[in-house]
Amino acid sequence: MNLDFGQILPSLPFILQGILVTLRFTILSALLGFTLGTLLSLLKISSIKPLRWFAEFYTSIFRGTPLILQLALVYFATPQIIGYKITPIEAGVFTFSLNSAAYSSETIRAGIMAVDKGQREASMSLGVAYRPMMLDIILPQAFKNILPALVNETIALLKDSALVSTIGVLDLMRRAQVVAGQTFLYFEPLLVVGVVYYVMVMGLTQAAQVLERRMRRSD
Amino acid sequence: MIRIEHLVKSFGPLEVLKDISTQVDTGEVVAIIGPSGSGKSTLLRCINLLEVPTAGHIFIDSIDITSPKCDILKVRQNVGMVFQHFNLFPHKTVLGNLTYAPMKVRGLSKADAGKIALDLLEKVGMSEKADQYPSRLSGGQKQRVAIARALAMEPDIMLFDEPTSALDPEMVKEVLDVMKGLADTGITMCIVTHEMGFAREVADRVLFLDGGYLVEDAPPDIFFSSPKSDRAQQFLEKVL
């Protein structure tokens, strides 16, 4: 076994610039997915049946097909269908947000259901309308309960973001492949980005723990 | 004033309230008692539309709250409710619990809502806990805060749904004392309770429900000393 990290050293800055790409991509998709997922979860607990059906159908589509297929569809088929030349980043964020929304909507729905119904009744008895009740009373408690699950979702998103390398986004993964192609060394660049992903996930886990502790203040 | 006319409430095939008619005058304190499952809580919850009546009418100050045109949120602002399990907002401090609805619903400034809140906390003896979270309070303290929270909306009517049933025995008194003080202020109160001594002492009238029927409607001295119905007699023999 002859490893030669010296040879990829000049490419290291190029690889590490991918951190920003991957992070930005993940954060944007997570935020959009989370927002959309919250709206979907509200549809799922709605008393209006067609809204529930829509949300459930939506979720089944994104859970029932491979993410990489969804990504390819959005990226390659969009120009064909609506004539818009979608950029790889746009296609990636769009697909990942929609996909993440499907998964997180289930988690958020469960979180809302787990909030004691007395909270709802107390809000109602004070004359609080549906919107502020959800935003100020129910959702904050729901999110606190499901924070660990949402962190898992974000971690999954971060790692799955490597899939966008298949449509040409110069993220961490893609950069490792580019360097591999230039130097004919595979192990070294892939190992480097592997370590980088690992460190990022660990950082995210730590941050989540700090956040969770702060949110447990009221217990 | 609350006027209830031929109120019926069903959950699916189960009829929980059967043709209830009565009236609660302004400033009156009414105790609603009866065996479990008799529909006491359901009756109370119909008055602020936490349960939607199946048939009949409920008028609050001559407004028909069962009418589809009625603004339910507006009605509820004027009808405070205290729950068996307190239902304080766990993610808000005691003060936050009291100021939330006045700010959000009535549009009061933080300063004004805070002033009302601190005043009420003083009255229920909870001033020192204003900045605590509910999880740090005992059951009796939680219930006193919950009463203050409902009062912070400055309602004309207060509903109590078994306010002492979830409390340890030694905490019952502190809550009942607060309610007694409240009864003296002239606010209209409807209290579902198992505290017969309290009902006897504080209530102006007792409603006795059994199997969804309003069986007796009498002043406490008459109800407790000489109930008309067999059912009420049996009930009182068991609980007194």
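Which side chains meet in a salt bridge of 3.3 Å, N to O? The side chains of A:Asp136 and B:Lys104 do so, a salt bridge being a side-chain nitrogen of Lys or Arg within 4 Å of a carboxyl oxygen of Asp or Glu. The structure is a predicted model, in which local features need pLDDT of at least 70 and side-chain atom pairs count only at pLDDT 80 or more, while totals for chains, interfaces and linings use all residues. Residues are numbered from 1 along each chain as its sequence is written, chains are lettered from A and ligands numbered from 1 in the order in which they are written, and side-chain values use heavy atoms, with hydrogens and water left out.

Across the interface of chain B and chain A, two salt bridges are found by the rule. Seven residue pairs between chain B and chain A, both residues at pLDDT 80 or more, are in polar contact; this term denotes a pair of N or O atoms within 3.5 Å, where within protein one must be able to donate a hydrogen and the other to accept it, and residues adjacent in sequence count only if both atoms are side-chain atoms. The side of chain B that touches chain A draws at least two residues from each of α2 (72–77), β6 (79–82), α3 (94–104) and α5 (139–151) of chain B. Helices (H or I, at least four residues) and strands (E, at least two) are DSSP runs, numbered from the N terminus. By class, this side of chain B holds 14 nonpolar, five polar and five charged residues; Ala, Val, Leu, Ile, Met, Phe, Trp, Tyr, Cys and Pro count as nonpolar, Asp, Glu, Lys and Arg as charged, and the others, Gly among them, as polar.

In contact terms (heavy atoms within 4.5 Å), 24 residues of chain B meet 21 residues of chain A. The two chains, B and A, bury about 1900 Å² between them, 62% of it on carbon and sulfur atoms. Buried area is the accessible area (1.4 Å probe) that two parts lose on being put together, summed over both. In chain B, the residues that lose the most area to chain A are B:Phe89, B:His91 and B:Tyr100, together 26% of what that side buries.

Chain B contains an open sheet of four strands in the order β2-β1-β4-β5, with antiparallel pairing; two strands pair if DSSP finds at least two bridges between them. Because β2 and β5 (63–64) of chain B stand at the edges with a single partner strand each, one side of each is left without a neighbour in the sheet. Helix α1 (residues 40–47) of chain B packs on this sheet, touching β1, β2 and β4 of chain B, and its direction makes about 120° with that of β1(B). Axes are lines fitted to C-alpha atoms, for helices over the stretch in contact, and angles run from 0 to 180 degrees between N-to-C directions. Strands β1(B) and β2(B) form a hairpin with two residues between them, and B:Gly12 in the turn has a positive phi of about 60°.

A further open sheet in chain B has six strands in the order β6-β7-β8-β3-β9-β10, with mixed pairing. Its edge strands are β6 and β10 (213–218) of chain B, each of which pairs on one side only. The twist averages 15° from one strand to the next. Four bridges join β6(B) to β7(B) (residues 157–161) in the parallel sense, and B:Val82 stands opposite B:Phe160 in β7(B).
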